[in-house]
Amino acid sequence: MTYVVTDACIRCKYMDCVEVCPVDCFYEGENMLVINPSECIDCGVCEPECPAEAILPDTESGLEQWMELNAKYSAEWPNLTSKKDSPEDADEFKSVEGKFEKFFSPEPGEGD
């Protein structure tokens, strides 16, 4: 089992999860984070730290798209091992629906 980041992270990118991850399995895109499923040790400490509730265990149904997206982009985006400031408008996007279709960017973030 692993944890996955879903579209609730898009445009929020709070990064509290990065601070608690013991194995540094988060990777940074331009406007969201993903988890490398082969590095995640299923400890679960990241899930309750996410203010946007964007991190879910892969045992929940309907997450196939997010498992694929996390695996794909964790291989392309730079690793992130320490928390950075969230976007200034993160709270405004926290409850927006359909963020993947509206805002997803495949561009990498800066990483560490």
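1. The side chains of K83 and D16 form a salt bridge, 2.5 Å from N to O. The term means a Lys or Arg side-chain nitrogen within 4 Å of a carboxyl oxygen of Asp or Glu. K83 lies in the loop between β5 and α3, D16 in helix α1, 67 residues apart. K83 is partly exposed at 40% relative accessible area (buried is under 20%, exposed over 50%, partly exposed in between; 1.4 Å probe, protein chains only).

2. This is a predicted model: local features need pLDDT of at least 70, side-chain atom pairs count only at pLDDT 80 or more, and totals for chains, interfaces and linings use all residues. Residues are numbered from 1 along each chain as its sequence is written, and side-chain values use heavy atoms, without hydrogens and water.

3. R11 and D89 also meet in a salt bridge (3.2 Å, N to O). R11 is in the loop between β1 and α1 and D89 in the loop between β5 and α3, so the pair ties together parts 78 residues apart in sequence. Helices (H or I, at least four residues) and strands (E, at least two) are DSSP runs, numbered from the N terminus.

4. In α2 (residues 64–74), W66, L69, N70, Y73 and S74 are buried. They fall within an arc of 110 degrees seen down the axis, so they line one face of the helix; the arc is taken from the directions from helix axis to C-beta atoms. E64 and E68, on the other side, are exposed.

5. K72 bridges to E76, with closest N and O atoms 3.0 Å apart. K72 is partly exposed at 42%.
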